[in-house]
Amino acid sequence: MTAVQSTPGPAQAIDAPRSPYRRSKPTRTNFELYAWLFMRMSGVLLVVLVLGHLFVNLVLGDGIHQVDFAFVAGKWASPFWKVWDLSMLWLAMLHGTNGVRTIINDYAERNGTRFWLKMALYVAFTLTVVLGTLVIFTFDPCPVGADIDASALPSFCPAR
Amino acid sequence: MARETDATPESTAGAIPSFDVTVRIRRYDPEQDEAPHWEDYKVSVHGTDRLLDALHMIKWEQDGSLTFRRSCAHGVCGSDAMRINGRNRLACKALLKDLDPSKPITVEPIKGLPVEKDLVVDMEPFFQSYREVMPFLITSGHEPTKERLQSAHDRERFDDTTKCILCAACTSSCPVFWTDGQYFGPAAIVNAHRFIFDSRDEGADLRLEVLNDREGVWRCRTTFNCSEACPRGIQVTKAIAEVKQALLTRKV
Ligand code: SF4
Ligand code: FES
């Protein structure tokens, strides 16, 4: 099924696809199937997660004015919001990365360009996800230290 | 064709409005031209004329070097798909009066396949992916001595996709196909669908395996360009979605 065409090559100076005569090697995996399924399911979840996030942060209470250090600390004191934000981070990053991967596959013209763009994408993905996960898990809502204004801490902190 | 009815009485011929159109054709002769270029032709046509009639007039009366494919001239053979006013249509099914004759009508070869001359493209890449989905009946066991019967209900399941005339209007309107020409393309999937959902056929798994490929159905972004382009009115995007569904559930 990978037969290379023996017909004459494309005429010069025409907008033709990159390689109309060579079929790429068949892939025997379900990767694209799962990627496709993941995009649909994560998309649905993200609608709920992101809209819920925006609603809680920007509509409930004082809206945007309530968002400060104490607000975030208060949210992350609860495992519920940790899980929420963590799934939002992972799903959004995987969803977005897969989308950009598709775009790179489509639009990068040379194999080298495609490879390096995807490498840059995966590095950016890893950095963001690792950093974000680290912050969510190691965040201390009640830091202690001389330069910390106790009145700015959330009310449940013992230092307050 | 209005032009061939010149013998009919003046009264009926006069009843058909006639007007002038400018046809702007993307010309390319690989032996002379560096690059494709546009050329305008003025023809006076009748309200019943199709773009194909205008192309004939140009070729027969103005410039014999104009090259295009056509055979049946009635929307059956699928040889004259071209990009007309930016949309893939069959020249023999596009009435000039529906194409806004007040402006020049642009005619280009279909995109995504190598142009050989003027409006003629090399269809080989298109047919290659068509062949890869095995568009023929696959059965096992003995040949029956009579025809293979099928209920009307089972026939209905894939009726839409039997109508394909392999004109390539869909595949060459697909932006995913334009990028690298590796995507199987709507036409190949439509013709795989025609056998995958045929109750008499036993090769569904083989074809699904082919279309599960990186260049298979998962590259479809549901742009709907193919459904819009299909001169046979096949719900191409729907057929692709049904193949995706069959792959997900492994059930046809
Ligand atoms: S599906 Fe429609 S547009 Fe595509 S090749 Fe068949 S007839 Fe032409
Ligand atoms: S000439 Fe046969 S389809 Fe148009």
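The exercises below concern helix packing and nonpolar cores in a predicted model.

**Exercise 1.** Determine how H6(B) and H9(B) are oriented to each other, and which residues meet.

Solution. 
1. H6 of chain B covers residues 186-196 and H9 of chain B covers residues 236-249. Their axes lie 9 Å apart, at an angle of about 60 degrees.
2. Angles of 65 to 115 degrees count as roughly perpendicular and those under 35 degrees as roughly parallel. The two helices are therefore oblique to each other.
3. The crossing of H6(B) with H9(B) is left-handed.
4. H6(B) contributes Pro186(B), Ile189(B), Val190(B), His193(B) and Ile196(B). On H9(B), they meet Val236(B), Ala239(B), Ile240(B), Glu242(B) and Val243(B).
5. Sorted by class, this contact holds 8 nonpolar, 1 polar and 1 charged residues.

**Exercise 2.** Identify the residues that touch the most other members of the largest nonpolar core, and list the contacts of Leu51(B).

Solution. 
1. The core has 75 residues; Val23(B), Ile25(B), Leu51(B), Leu55(B), Met82(B) and Leu211(B) touch the most other members.
2. Beyond four places in sequence, Leu51(B) contacts Val23(B), Met82(B), Ile84(B), Ala91(B), Ala94(B), Leu96(B), Leu99(B), Ile105(B) and Val107(B).
3. Another core, of 10 residues, lies apart from the largest one and includes Leu46(A), Val56(A), Trp84(A) and Met88(A).

Note on methods. Residues numbered from 1 in each chain as written. Chains lettered and ligands numbered in written order. Predicted model: local features only at pLDDT ≥ 70, side-chain atom pairs only at ≥ 80, totals over all residues. Heavy atoms only, no water. Axes fitted to C-alpha atoms, helices over the stretch in contact; angles between N-to-C directions. Helix = DSSP H or I, 4+ residues; strand = E, 2+ residues; numbered from the N terminus. Parallel < 35°, antiparallel > 145°, perpendicular 65-115°, else oblique. Left-handed = near helix turned anticlockwise from the far one by under 90°. Contact = heavy atoms within 4.5 Å. Nonpolar A, V, L, I, M, F, W, Y, C, P; charged D, E, K, R; others polar. Core = buried A, V, L, I, M, F, W, Y, C linked by side-chain atoms within 4.5 Å. Buried < 20%, exposed > 50% of the residue type's maximum accessible area, 1.4 Å probe, protein only.
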